[in-house]
Amino acid sequence: MKISAKDLWAGGLLVFLAVLGLYINGGFLGLGLEQHTLGTARRMGPGYMPMLVFWIQFGLGAIVFLVGLTGGPDPLERWTKLDLTTLAASVIVGVVIWRVMEAAGYNNNYIQVGGACLVALLVLAISPAWRPLGLTLASFAVFGLALEPLGLILAIVFLCILSALADREHNPISIAGMTVFLCVLCWFVFIKELDIRVPLWPTIFG
Amino acid sequence: MELLLANLAHGFGVALTLDNLLFALLGALIGTAIGVLPGIGPVATISLLLPITFGQPATTAIIMLAGIYYGAQYGGSTTAILLNLPGEVSSVVTTLEGYKMARNGRAGAALTIAAVGSFFAGSVATVLVAASGPALTQVALSFGPADYFSLMLLGLIISAVLAQGSILKSIAMVVLGVALGLVGTDVQTGQQRFTFGVPELSDGLGFVSIAMGIFGIGEIILNLERPEARSVMSGKVGSLMLTGAEFRRSIPSVLRGTVVGSVLGILPGGGASLAAFGSYMMERKLSKYRHEFGNGAIEGVAGPESANNAAAQTSFIPLLTLGIPANAVMALMVGALIIQGIQPGPRMVEAQPDLFWGLICSMWIGNLMLLVINLPLIGMWVKLLQVPYKYLYPSILVFCAIGVYSLNNSVFDVYQTLFFGILGYIFSKLRMEAAPLLIGFVLGPMMEEHLRRAMLLSRGDPIVFVERPISATLLALGAIVLAAMLLPGLRAGKDKALAE
């Protein structure tokens, strides 16, 4: 039997999300996170459509999975040991940071989300194969972290430096030039022309 | 007829105001630029610019966004011909004959016929939109909730069937999109669904974040992973003039491409890329010079390039008359309209005549501008092609990040985009098409509303969907489409048409 790993994973993902959705939607044996009222076919409650949608998704996901058993061969890209280790490490580090920040009282704003994401993604980027993914997304996380306390300019600088590291063709001079150019451009477009409400320079010291 | 002329006169009045002209030009310029640049498409760009359009009047905003979409069809051919690299998905087939023509020293001729063909097709398609719009609107006004539900279901089925790759997975992606659309406040009871107590989610997941995360950021990561996909331009453009023989040979292809493109553009899930493929297949079968295909036949440029631009215009028809987006770009237009407080649908033509007629007239003006932008100024775009990707992607990221933030002035949207970037990456690795997901996400909430209303009116009896003739016809069409795709012959044909 030739297995299509892509289809197996895709089907599995769909089924998992469907089960998760059904669980949150509630109504089955009293289980459920949010317990939406089902209602009747005539007067549908908030839980009716989700129930329909997730059952359909469950069915389709299961079919994708079954078809994948014979649909191949279509293997996933090969992961090295380093890829697996960094992925596991990144998840663990992310959860740990999340917990630590929660204990430190950072649990009612997005610093917690951003901090955990940033560190986890940087750990992920240790492996060369994950580097484009890890650094591109980390640059986004650092932008979110820096924007409100440190202002637009520094957020752009951080984003540029981190994302540029994802491409081997960059050198310090090209990164610096690009960063300055983008800062000026964004200041002109977003602050001068469009006037979006965002601090330009650090606000936490002032 | 007189009414149509009066309406068009009104439309030109709107489109020719200084602001609207400027933004049509801006849209056309941006569209050409992103069309020329490989690796950034209209979906990402339009979602990027959505926040910027808040401050503008609705008509101006839509005129600019539309310009980006059809402008990209013009720009995409430049890269395809000069670099053998599609600037847009819709110009993939142009690489086949266009690059061969460039190797034969006829790059200029290929660029000219691409632009002229696009302009002709765009003009015809614009007239088609103007003529069919009001008539279709009348039909749409007699639709009940059950009919709407069935129509959207048909749209979802077709969009899944026409997407690339496995139909089964595409349908599953549509359903997943509908599921994502459930997040937020239930319209009828006000109950929070799937929000996990996060106040930012009570308005639902961010449409821009989804589009930008999956299409913008996901795309960048994939481009960085395979650096060999980038290439360098070689050769000169040469004379832009067509020879008499080339001109005569192109005429039938342009005409055929216009027809194919106009028809395929209206189909839900269709749009520019499908039209270009369809036209290329047709030219290879019908052209008198089909034996020259593979060695730089001008028909292989003229047909698809006309078709993709015709489709870019006619794909506005379902949106403007029924309020149903035919493809991912149109889904973004729905988003733009709703942000402006306009509910897309059959009442839009009458309630927003400025928007409807102004947009149609600006499309024609925009096509005229694009002809000028693309031909005499071709040197400028060739320069743009020499900007290395290493400078491009951080710029895109910066604009993305500021763009999502400025939606609600909230960092939440930045992280939401990051999350969908990861999801988009997983999707592309598992070969799950993201475009059907986006359409499902947009149509899902509307479908739920119509379903609940229809069931309430029918006292809970689902027979209403087959009792009403319109709804029954639409459902039957959907069933036929699905059944047809189960036939092995047709499926093989579709795979061949969509394979690069």
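This is a predicted model: local features need pLDDT of at least 70, side-chain atom pairs count only at pLDDT 80 or more; totals for chains, interfaces and linings use all residues.
Residues are numbered from 1 along each chain as its sequence is written, and chains are lettered from A and ligands numbered from 1 in the order in which they are written.

**View 1**
An unreviewed UniProt entry lists "transmembrane region" at residues 12-32, 52-70, 82-98, 110-130, 142-166 and 172-191 of chain A. UniProt positions follow the numbering used here, feature names are shortened, and annotations may be inferred rather than shown by experiment. Residues 52-70 of chain A are 89% helix and 0% strand, with end C-alpha atoms 28 Å apart. Helices (H or I, at least four residues) and strands (E, at least two) are DSSP runs, numbered from the N terminus. Separately, the domain assignment (automatic or from a database) divides chain A into domain 1 (5-68) and domain 2 (81-193). Taken over C-alpha atoms, the centres of domain 1 and domain 2 of chain A are separated by 34 Å.

**View 2. The contact between chains A and B.**
Chain A contributes 59 residues and chain B 51 residues to the contact, where two residues are in contact if their C-beta atoms, placed from the backbone, lie within 7 Å. Among the elements giving two or more residues to the side of chain A that touches chain B are helix H1 (5-25), helix H2 (48-68) and helix H7 (172-193) of chain A. The residues on that side comprise 39 nonpolar, 12 polar and eight charged. Here Ala, Val, Leu, Ile, Met, Phe, Trp, Tyr, Cys and Pro count as nonpolar, Asp, Glu, Lys and Arg as charged, and the others, Gly among them, as polar.

**View 3. A:Ser163 and its surroundings.**
A:Ser163 lies in helix H6 of chain A. A:Ser163 counts as buried because it has 31 C-beta neighbours inside 10 Å; the cut-offs are 20 or more other C-beta atoms within 10 Å for buried, 12 or fewer for exposed, and in between for partly exposed, with C-beta atoms placed from the backbone. Leaving aside neighbours within four places in sequence, A:Ser163 contacts A:Leu135, A:Thr136, A:Ser139, B:Tyr393, B:Pro394 and B:Leu397.

**View 4. The largest nonpolar core.**
Of the 235 residues in this core, A:Leu159, B:Ala401 and B:Leu438 touch the most other members. A nonpolar core is a set of buried Ala, Val, Leu, Ile, Met, Phe, Trp, Tyr and Cys residues joined through C-beta atoms within 7 Å. Its largest share, 16 residues, comes from helix H6 (residues 107-141) of chain B. Because domain 1 (5-68) and domain 2 (81-193) of chain A both give residues to this core, it lies between them. Not counting residues up to four places away in sequence, B:Ala401 touches A:Phe140, A:Phe143, A:Leu159 and B:Val414.

**View 5. Helix H3 of chain B.**
All eight residues of helix H3 (residues 42-49) of chain B are buried, including B:Pro42, B:Ile46 and B:Leu49. Helix H2 (18-36) and helix H4 (58-83) of chain B are among the elements covering them.
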